[in-house]
Amino acid sequence: MSDLVRRPTEVAALRAAARSARPLPPVPALMAALLVANERRDREGVCLAAHRAVRAAAPEVGE
């Protein structure tokens with residue numbers, strides 16, 4: 001049975017990524033991605049693009 005070896009740099013990188021701001025693409029680009037995902041019947045892509053479009057349009061939602 002092998003134990004998971006934690007790397008200090010990995011933990012630090014994850015914490016830094018969680019604290020950093022992630023700029024969202026512009027709303028028109030997200031809406032275009034939403035249309036493409038819908039045309040391809042990609043349910044996960046539709047959900048992701050829709051959520052990102054809402055967050056980009058109204059940043060105070062979900063914060």
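The protein chain exposes about 5,800 Å². Carbon and sulfur atoms supply 59% of that area. The model is predicted. Buried residues make up 11% of the 63 residues in the chain.

The fold is simple to list. The chain has three helices and zero strands. Read along the sequence, the pattern is α-α-α.

Confidence comes next. The mean pLDDT of the chain is 84, and 89% of its residues reach 70 or more. Confidence is lowest in α1, at a mean of 79. It is highest in α2, at 95. Where pLDDT is low, the predicted coordinates should not be read in detail.

Start with α1. This helix covers residues 8-19, 12 residues in total. From its first C-alpha to its last it reaches 17 Å, close to the 16 Å expected at 1.5 Å a residue. How many of the 12 residues of α1 are buried? The count is zero, and α1 is hardly covered.

Helix α2 is another matter. It runs over residues 27-39, and its 13 residues should span 18 Å at 1.5 Å a residue. Its end C-alpha atoms are 18 Å apart, which agrees. Leu30, Leu34 and Ala37 are buried in α2. Seen down the axis of α2, the buried residues fall within an arc of 70°, so they line one face of the helix. The general rule behind such a face is helical geometry. An α-helix has 3.6 residues a turn, so residues three or four places apart point the same way. On the other side of α2, Pro28, Leu35 and Glu39 are exposed. What covers the buried residues of α2? The cover includes α3, residues 43-57.

Between these two helices lies a loop, and Arg41 is found in it. Most residues other than glycine have a negative phi. Is Arg41 buried or exposed? Its relative accessibility is 74%, so Arg41 counts as exposed; the cut-off for exposed is over 50%.

Now α3. The helix has 15 residues and reaches 21 Å from its first C-alpha to its last, close to the 21 Å expected at 1.5 Å a residue. Its buried residues are Gly45, Ala49 and Ala53. Seen down the axis of α3, these residues fall within an arc of 60°, so they line one face of the helix. The face turned away from the buried side carries the exposed residues Arg43, Glu44, Leu48 and His51. What covers the buried residues of α3 includes α2. The cover therefore works in both directions: α3 is part of the cover for α2, and α2 is part of the cover for α3, with contact meaning heavy atoms within 4.5 Å.

Ala53 is found in helix α3. At 7% relative accessibility, Ala53 counts as buried, since buried means under 20%. Which residues does Ala53 touch, not counting those up to four places away in sequence? They are Val27, Leu30 and Met31. Leu30 is itself one of the buried residues of α2. Ala33 gives a distance across the pair. The C-alpha atoms of Ala53 and Ala33 are separated by 9.6 Å, and the two residues are 20 residues apart along the chain.

How values were computed
Residues are numbered from 1 along each chain as its sequence is written. This is a predicted model: local features need pLDDT of at least 70, side-chain atom pairs count only at pLDDT 80 or more; totals for chains, interfaces and linings use all residues. Side-chain values use heavy atoms; hydrogens and water are left out. Helices (H or I, at least four residues) and strands (E, at least two) are DSSP runs, numbered from the N terminus. The expected span of a helix is 1.5 Å times one less than its number of residues. Buried means under 20% relative accessible area, exposed over 50%, partly exposed in between (1.4 Å probe, protein chains only). The arc is that of the directions from the helix axis to the C-beta atoms. Accessible areas come from the Shrake-Rupley method with a 1.4 Å probe; for residues, only the protein chains shown count as cover. pLDDT is the predictor's confidence in each residue, from 0 to 100.
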